[in-house]
Amino acid sequence: MKIQTQRFIDRWVGQLLCALVSAWVRFTGLFGSPARMGQAPKNILVILLSEMGSIVLAGPMFAQLRRQYPGAAIHILQLKKNQEVSRLLSLTSPEYMHSLDDSSGGSLIRDILAVSLTMRRLGLDAVIDCELFSRVSALLSFSTGAPVRVGFTPHTQEGLYRGSFINHSIPYNPYQHISKQFLSLVDALQSPDAMPRNRAGAIRDIPSEPELAVPFTPQELAAYRSKVESDHPVTATRKLVLVYAGGGILPERAWPASHYARVVQGLCAEGYAVGLIGLKDDAALARDLKLQVGSEACIDLTGYTKSIRELLMLMHASRLLITNDGGPSHFATVTPIQTMVFFGPETGKLYGPLGKRTIILESGIACSPCLTAYNHRLTFCDGDNQCLKRIAPDPVLAQALDYLRTIA
């Protein structure tokens, strides 16, 4: 299903359903006391429908859930296309992973009904809705039958109306890193207050690491490195730098291709091999970049890795990743690779990759960032993304070379 179709349905049908459910909850709530969760819950569901990078940013939240509720089964509900990451990162046991297929409206409705019935039969103690942009996730949290429903609320701020049936809520804070806010959702599970929950949760810093790991044996990494060198001989004599120039589902997040070409030319001239990574959809962009660069040391690796696990092994075999805001920048945090990531329409202050091996590159112009929970991530930009175009390529190249020379 196209993303614009999803947004249309979520906006108009979602608002109506949220209002109806809220009215029902208010009516029935007159005859009951606020929901409370016991000290030893058996089943907790986390709804996380966002892009794959958000799964890595939620790593500290899952770690905290396991520490705080060691006897609970942590269930995860995701889009089917994102499940590979959760399995790879071992966020929970495979039998506790549930999915929604959003490839069509019919498959999505079918899976929503099936998951809701499964969760009701299971008997959830609580559900955590991690979404900011979706009303369907709020409705799902209610349909599961969980008595404690945790999620974000705009409270008195203008923004996304998601009803009033999230009964243990925290206000969405556009000034705090999203990983810190995910951790506050765990605090809200034991909150004695009904919505809105306006008092502060535990004082936490932005997590210094994603608290996730993907184990590889030295033999496995060495074998993959040998495969890369065999398939692309230039990497046998040159240290490898990875570049992800695609914008994914949000093209306005992409640094200009001409800027990337200048940086890649400079890296190749200094004796490095540069691999252009991405999905098959990024192949045309990679071909164009190779033509602009005009060097045999620039290689097309779009579609080369067949899984996220292979992408991580490729990162283990490389020295530096230069990337637009997106999944690769977050996956890199569970590997030793250094990352340079461009932000503009969104901000590294909210969505920057965790860990100490990331350099955030932002111009800081007045209209940036422009994608928020309050505008459904629909930018007012006309496609002329000056927030990224104003980040000049030569300083980026100099910074990349300075780092590469320190690890030579």
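## Close-up views of a predicted model

View 1. Six strands form an open sheet in the order 3-2-1-4-5-6, and the pairing is parallel; here two strands pair if DSSP finds at least two bridges between them, and strands (E, at least two residues) and helices (H or I, at least four) are DSSP runs numbered from the N terminus. This is a predicted model, in which local features need pLDDT of at least 70 and side-chain atom pairs count only at pLDDT 80 or more, while totals for chains, interfaces and linings use all residues. Residues are numbered from 1 along each chain as its sequence is written, and side-chain values use heavy atoms, with hydrogens and water left out. The edge strands of the sheet are strand 3 and strand 6 (168-171), each of which pairs on one side only. From one strand to the next the twist averages 20°, where angles run from 0 to 180 degrees between N-to-C directions and axes are lines fitted to C-alpha atoms, for helices over the stretch in contact.

View 2. Strand 1 (residues 43-47) runs parallel to strand 2, and five bridges join the two; Ile 47 has Leu 77 as its bridge partner in strand 2. Helix 3 (residues 59-68) packs on the sheet, where it touches strand 1, strand 2 and strand 4 (126-129), and its direction makes about 175° with that of strand 1; contact means heavy atoms within 4.5 Å. Helix 5 also packs on the sheet, touching strand 1, strand 2 and strand 3, and the direction of helix 5 makes about 150° with that of strand 3. Strand 2 (residues 73-79) and strand 3 (residues 97-100) run parallel and are joined by four bridges, with Ile 76 standing opposite Met 97 in strand 3. Together with helix 4 (residues 83-89), strand 2 and strand 3 make a right-handed β-α-β unit; a crossover is right-handed if, with the strands pointing away from the viewer, the path from the first strand over the helix to the second runs clockwise.

**View 3. The packing of helix 5 on helix 6.** Helix 5 (residues 105-122) and helix 6 (residues 135-143) have axes 9 Å apart, and the two helices pack at an angle of about 35°. On the side of helix 5 the contact is made by Ile 112, Ser 116 and Arg 120, and on the side of helix 6 by Val 136, Leu 140, Phe 142 and Ser 143. Four of these residues are nonpolar, two are polar and one is charged, given that Ala, Val, Leu, Ile, Met, Phe, Trp, Tyr, Cys and Pro count as nonpolar, Asp, Glu, Lys and Arg as charged, and the others, Gly among them, as polar.

View 4. Strand 7 pairs in the parallel sense with strand 8 (residues 273-276) over four bridges, and the partner of Val 243 in strand 8 is Leu 276. Strand 7, helix 10 (residues 257-269) and strand 8 make a right-handed β-α-β unit. Strand 10 (residues 320-324) also runs parallel to strand 7 and is joined to strand 7 by four bridges, with Leu 242 opposite Leu 321.

**View 5. Two cysteines without a bond.** The sulfur of Cys 370 is 6.0 Å from the closest cysteine sulfur, in Cys 381, which is too far for a bond, because a disulfide is a pair of cysteine sulfur atoms within 2.5 Å. By this rule the count comes to zero disulfides. Cys 370 is buried, with a relative accessible area of 9%, whereas Cys 381 is partly exposed at 27%.

**View 6. The surroundings of Leu 401.** Leu 401 is found in helix 16 (residues 393-406) and is buried, with a relative accessible area of 7%. Not counting residues up to four places away in sequence, Leu 401 touches Leu 267, Glu 270 and Tyr 272.

Methods:
Buried < 20%, exposed > 50% of the residue type's maximum accessible area, 1.4 Å probe, protein only.
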